[in-house]
Amino acid sequence: MRTYMEEYKSKLLTADEAVKLIKSDTWIDYGTFMGQVVELDKALAKRKDELRNVRIRSAARVMGPPAVCMADPTKEHFIYNSGHFTVIDRRLGDYGLDYYIPLLFRDIESYYQYVEHPDVAMIAVSPMDKHGFFNFGLNNVYSYATLKKAQTVIVEVNPHMPYVYGGHGECIHISEVNYIVEANWPLLPIPDLPPSDVDKKIAELILPHIEDGSCIQLGIGALPNFLGKIIAESDLKDLGVHSEMLCDSFVDMYESGRITGRRKNIDKGKMVFTFALGSQKLYEFIDHNPVVASYPVAYTNTPHIIAQNDKVVSINNALEVDLFGQVAAESSGPRHISGTGGQVDFIEGAALSRGGKAFIALQSTYTDKNGELKSRIRPTLEPGTIVTTTRSTVMYLVTEYGVTCLRGMSTWERAEALINLAHPKFREELIREAQRMNVWTPSNKRPTVAQAAI
């Protein structure tokens, strides 16, 4: 019986050799987030003129634009698709080079019963351990489920990928791998954007709603990161973590002693997540650290699993909200910006959790490309805008002018509450539109800045 290293050597190819396996009219899976392949992507792009109709699935590009897109701007050879847009995906989408795949993150594994399975799945992994396992590192997500559906599995081994302990689904054995490619690209640190004064105000409004023993989920962005930092400086005790994403602020909260996980009902003492994005500090923190546990997204994002922990607190962002309480977090008109992600999953999970709270946070205004101030709280969403969280699902909404819970409110009560959260410049206009849409009554109070501030 040959050793794991002998098997490794027998399956080892260069990236150029590996992509020769790919034929026209096939589906390829590239992996997700920091687990997307880099050298195999470059090698495949070089085969452009030999191939037609190669369709690629991925999600949340972070390691620069895919080489296949740059090599084929007319899409005669490659068609690139993404389950979540980053700024890179967004710019590609603006040129018609990236197509969004609408999905509920928690259900993505089940989608393979409806779509073509990948002919080839390629994913970045950490080096093989002594037991013959490659670890998915920063990206458990649905990696193993995808590889199991593929006819051919190619792993791109990167020595910079952390080895992350998991609950399950965090690795694949060499016996399940067809080919191995070695690479050496550095992990890209995600910049920690400085929070604006408005971000800070919103975070400070949310903080009093977090109790000792709460189980935290944070989304991506300056505001959630700042909230994590002020939690780290607070006197909160025994916080837990059950999150879709692990970011730098969780390290701050853990190192300050805020996070212990002692009061969690499941995965007690563990910081649970499905993917990690952040600085080198985060990547070093999770490497071989038994306090963290990566799980497939079908575990981290299923509402009834989330709700097994008490006092789940979910904080996510939005682009727009209308006076009916519909939340748009993924598109501005028909222009796609991000994705559904885990927002719906964690709002539902927090709502089911005993003592749970789900917050949607947004700045009350933005400045358009002409320098004009616009309200993010609108009478109705802009035509073509995608509703991410329905009005029946939304729980707490937060702007720099306050916090309100929309659960149980009628349409006229929602209109009043939401106008209280809007910038004062736009309130009279919003009241007029609420009257026109028959969601305003004689008993409604006309909001003031003093009423809205908390």
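**Notebook: sheet, cores, cysteines and one loop glycine**

I began with the strands and found an open sheet of eight, ordered β1-β10-β8-β6-β2-β3-β4-β5, with parallel pairing. The model is predicted: local features need pLDDT of at least 70 and side-chain atom pairs count only at pLDDT 80 or more, while totals for chains, interfaces and linings use all residues. Residues are numbered from 1 along each chain as its sequence is written, and side-chain values use heavy atoms, with hydrogens and water left out.

I noted β1 (12-13) and β5 (99-100) as the edge strands, each pairing on one side only. I then looked up β2 (residues 27-32) and β6 (residues 120-125), which run parallel and are joined by two bridges. In this pair, Ile28 stands opposite Val120 of β6. Helix α3 (residues 39-46) packs on the sheet and touches β2, β3 (54-59), β4 (78-82), β6, β8 (152-157) and β10 (179-182); contact means heavy atoms within 4.5 Å. The direction of α3 makes about 120° with that of β8, where axes are lines fitted to C-alpha atoms, for helices over the stretch in contact, and angles run from 0 to 180 degrees between N-to-C directions.

**Cores**

I searched for nonpolar cores, that is, sets of buried Ala, Val, Leu, Ile, Met, Phe, Trp, Tyr and Cys residues joined through side-chain atoms within 4.5 Å. Buried means under 20% relative accessible area, exposed over 50%, and partly exposed in between (1.4 Å probe, protein chains only). The largest core has 94 residues, and those touching the most other members are Ile206, Leu246, Phe250, Met271, Ile286, Val292 and Leu397. Helix α8 (residues 222-232) gives the most to this core, with six residues. Not counting residues up to four places away in sequence, Leu246 touches Val241, Met271, Phe273, Phe275, Ala276, Leu277, Leu282, Ile286 and Val292. Another core, of 26 residues, lies apart from it and includes Leu40, Leu51, Val54 and Val120.

**Cysteines**

I counted zero disulfides, a disulfide being a pair of cysteine sulfur atoms within 2.5 Å. Cys247 is in none, and its nearest cysteine sulfur, that of Cys215, is 14 Å away. Cys247 counts as buried because its relative accessibility is 1%; Cys171, at 19%, also counts as buried.

**Gly355**

I located Gly355 in the loop between α13 (343-352) and β22 (357-361). Its relative accessibility is 44%, so Gly355 counts as partly exposed. The C-alpha atoms of Gly355 and Phe226 are separated by 23 Å, and the two residues are 129 apart along the chain.

Methods
Helices (H or I, at least four residues) and strands (E, at least two) are DSSP runs, numbered from the N terminus. Two strands pair if DSSP finds at least two bridges between them.
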